[in-house]
Structures are given as structure tokens and as C-alpha cells.
Amino acid sequence: MASKPGHSSDPLLPPVVSDVRGLPPVEVAENQRRRIELAMVAAVDRHGYAGTTLREVVALAGVSKSTFYDHFESKQECFLATFDEIVAAVAERVRVAYQADGDFRQKLTAAVSCLMQIAVAEPQAAMLAAVESLSLGSVGIANRERSSEAFEPLIKESFDRSPSRKSVPTTMVRGIAAGTRGVIYRHVRENRIDELPGTVDDLVDWALAYQARDSDIVRIAIRGAASSRGGGAPVDGTAGPDWREPPDSPRSRAELSQRERITRAIAQLVVEKGYETLSIPSISAKAGTSNQTFYENFDNKRAAFLAAFDAIAEAALVSIRAAYEETGEGTKGVGAAIRTALDHLAADELLARLTFLELQAAGAVALDRADSVMDRLTGSLPVALGMESARDGSEAVSRAIGSGCWSVVQHQLIKGGADSLPQLAPDLARMMLTPLSRPAASTR
């Protein structure tokens, strides 16, 4: 028996017609557009977004360049349109799955299960939507946020149907949607996509944990996050020039090495103009050094950019650790560390934008760096709370927490600017610690 259109076994992007003779012009145009989108999915799966060329896309689609430009202005526009088509198809199927009979937990489980099954069935589409969309940096953020917004109403409805009387803030709902997406991203990147259905129960337990009242652990952490400890101090914790100082200024020349000036220059250029616009001459000019000096320190622009991120991330982690220890460690220290991290980001918007809006544009290696930092932060939480490991023992939950927090900060940075980031501290404390402070069974 043939399945109905939109069934979970149907392809997300419907197949094209090979013979368009006799079709109305509007259907011919739609068929051409679909061919190009399918070609984009295939090319990105082979080479990644950065390595995909327009020549290959039109060759795979079997159309001319002029036909491509009849539908899209650029490779980027085509990619984002394809992303939106995939997300719309996924959102509709997940919505239908959620409407199945059952209580609030069963409905959410059906929706998350449907999402994971689609990823397994359509690995190329999952690669484009969950992984390669990040490589557009700040350009793709609006599309990714809209993709989360398609699922947030289902999460909120599950909380509304729950017998719990606690209101779950929008921040938490946004974090749950983004965290679930983050789990798909990590599994796709690690070639473990077939394991995604096995994460469903853990992720549903994690999501529904936020409907419970704050535990003592969470309340103590929120108190630790309530007051600023870092002020406007430079993120590197030194008395030297911060990352906004012009790299070729007299002070920078006097106090920074040539390597440090290059990393400062590339950080500023990425935030000003985007990673893809970078060139060695522009970096050298900004740093006040020669191209030869650049190559004496770095092999290419990606290496210099990653060195800048590594310096920023390590300094931030040192400052976070210091705040944790100064507060006396334990649960209150976790809250203080969260607030310190946000204070530092608020003190220097350049660093916040580089880390949360532009980092991913440097490709897979940059994604690895970001993943490593989040793993270090979320992996240390159980130890800070005196636990040997997360109470539910779930790798998926730990990664969902990290991805959810990252996306919440990114959203706030876009909507309210860096100055507004410290106000997230209580909600981030809740997001990080609630799943670790009670058995998963209490959410059932």
C-alpha cells in the first residue's frame, strides 16, 4: 500500500520528474528548482558547504548556470532555501507525530522519536541541516533559529498538558529545542547517526525535568549567579590591552608579540567582516606586520583564527575556574562561574560575537574546538556538585545541555546585545543543574 504524502518513509524533498515535456511552465520551473536543491544536498554531503562549487551543483542537477540563476542569486541563497525546505518538511512530520494519542509525555516522545528517525533515514539532509548550516557563521543563524521555533510550540504544549503547575520560561523551551538539535549535530559529525533513536527517552526525561520546582542545588546555584564578580575586567585577566585595542597601536606594539597582534587582528576582522572575507594581506595590514611575518607564525588564516579562539577560550576557562574557587567551590561556585562567564562576554562584545556568531564559519576544526570547550564545561558539572558522574549517566543529555546553553546565549546576544547576557545567569544555572539534581524517574 502506498504511503500518504508526508509519511515518515517518504523523502523530505520529493523526487523530480525526468521528462518535463508537456508540463505547464510553472511545474517545469518547480521541477528545476527541486533538482537544484537535491543537487545541493548531495554536493554538500560530499564536500561540505565551503567545498561545494556552483559548477558541481548545476552538473548534478542537470541544469545550466543560467537556469540556476533563474531560481537563486548565489550558492548561499540556494543552500539556505534548501535548508528551509528540509526544516519545513521535518517540522510538519514531527507535528503530525505529536498529535498522536497519548498523554503529554507520550506525545513528546513520539515527536522526538520521529525527529530522530528522520535523521537516520535522511543522513544527507541531516548533514546539511544540522552540521553544514553552522559553517555559514552569523549568516545562517536566523534560519537555524526559525528551525528551532518550529518545534518550540510542541515542547511548550507538553508542559501545558503536564499536571505540574510550574511555568517553564521561554529560555528553557528554546534551550530544549536547540539542545535536541545539538544532539543530532554531534551524532552526525561523529558518524553515529544510527544511535539517535536510542537517545529519545533520555532527552524526553531531560526536557520534562524542567517542569519540577527548583531543587536545593538549583536554588543555591542561582544565588551564586545573582551578583557580578567579574565586572568589566578583560577576559584574559591581565593588565595588558584587551582584544578591542587596535593591533598596530603603540600600546599593542609595545606589549604584544607579533603573533599576538596577528591573532587580535584576525579576531577583529572576523567580527567586522566575517570569516570568508579574510585574506592574509588584510590580516597583516590590520596587525601592522608583513605577510612574511604572518607565515612565520601561522600556516594559513584558519590556523591564526583558531589560535585566537584557543587563547580566548582558555583565558575564559581560567577566569571561570577562579570564580568557582573564590566562592568556595560547590554548588554556589557553579552559579558564580556561570555569572563570571557572562560578565566577561558582556565586557567585550567582540569576544562574544567571535565565539558565538562567527566561530563555526572556520569549518570542522573550529566546530571541534567549540565542542571541546562545551564538553569541558558540562563534563565538570557533576564533579563540582560532588557527583562521580551525571545522575542519569546520559552522554546525550550532557551534550544537549551544552548545545542548549550555547544557543540561548547566541539568541540573547543577537536580540539584546552583549550587555544583556548577564541576565541569563539564573536560567543557565537552571538549565545546567536541574537534570543533575534529581533522578530522571521523577519526571515520568
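View 1. The chain has a mean pLDDT of 86, and 89% of its residues reach 70 or more. Confidence in the chain is lowest in helix α19 (residues 364-384), at a mean of 72, and highest in helix α15 (residues 291-297), at 97; helices (H or I, at least four residues) are DSSP runs, numbered from the N terminus.

This is a predicted model, in which local features need pLDDT of at least 70 and side-chain atom pairs count only at pLDDT 80 or more, while totals for chains, interfaces and linings use all residues. Residues are numbered from 1 along each chain as its sequence is written, and side-chain values use heavy atoms, with hydrogens and water left out.

**View 2. The largest nonpolar core.** A nonpolar core is a set of buried Ala, Val, Leu, Ile, Met, Phe, Trp, Tyr and Cys residues joined through side-chain atoms within 4.5 Å, where buried means under 20% relative accessible area (1.4 Å probe, protein chains only). The largest one has 135 residues, and I86, I283, L342 and L421 have the most contacts inside it. Helix α4 (residues 75-98) gives the most to this core, with 13 residues.

**View 3. The surroundings of I283.** Leaving aside residues up to four places away in sequence, I283 touches I262, A265, I266, L269, L278, F294 and K301.

**View 4. Q423 in its loop.** Q423 lies in the loop between α20 (395-416) and α21 (425-433), and is exposed, with a relative accessible area of 57%, exposed meaning over 50%. The C-alpha atoms of Q423 and R339 are separated by 8.7 Å, although these residues are 84 residues apart along the chain.

Conventions:
Helix = DSSP H or I, 4+ residues; strand = E, 2+ residues; numbered from the N terminus. Contact = heavy atoms within 4.5 Å. pLDDT = per-residue confidence, 0-100.
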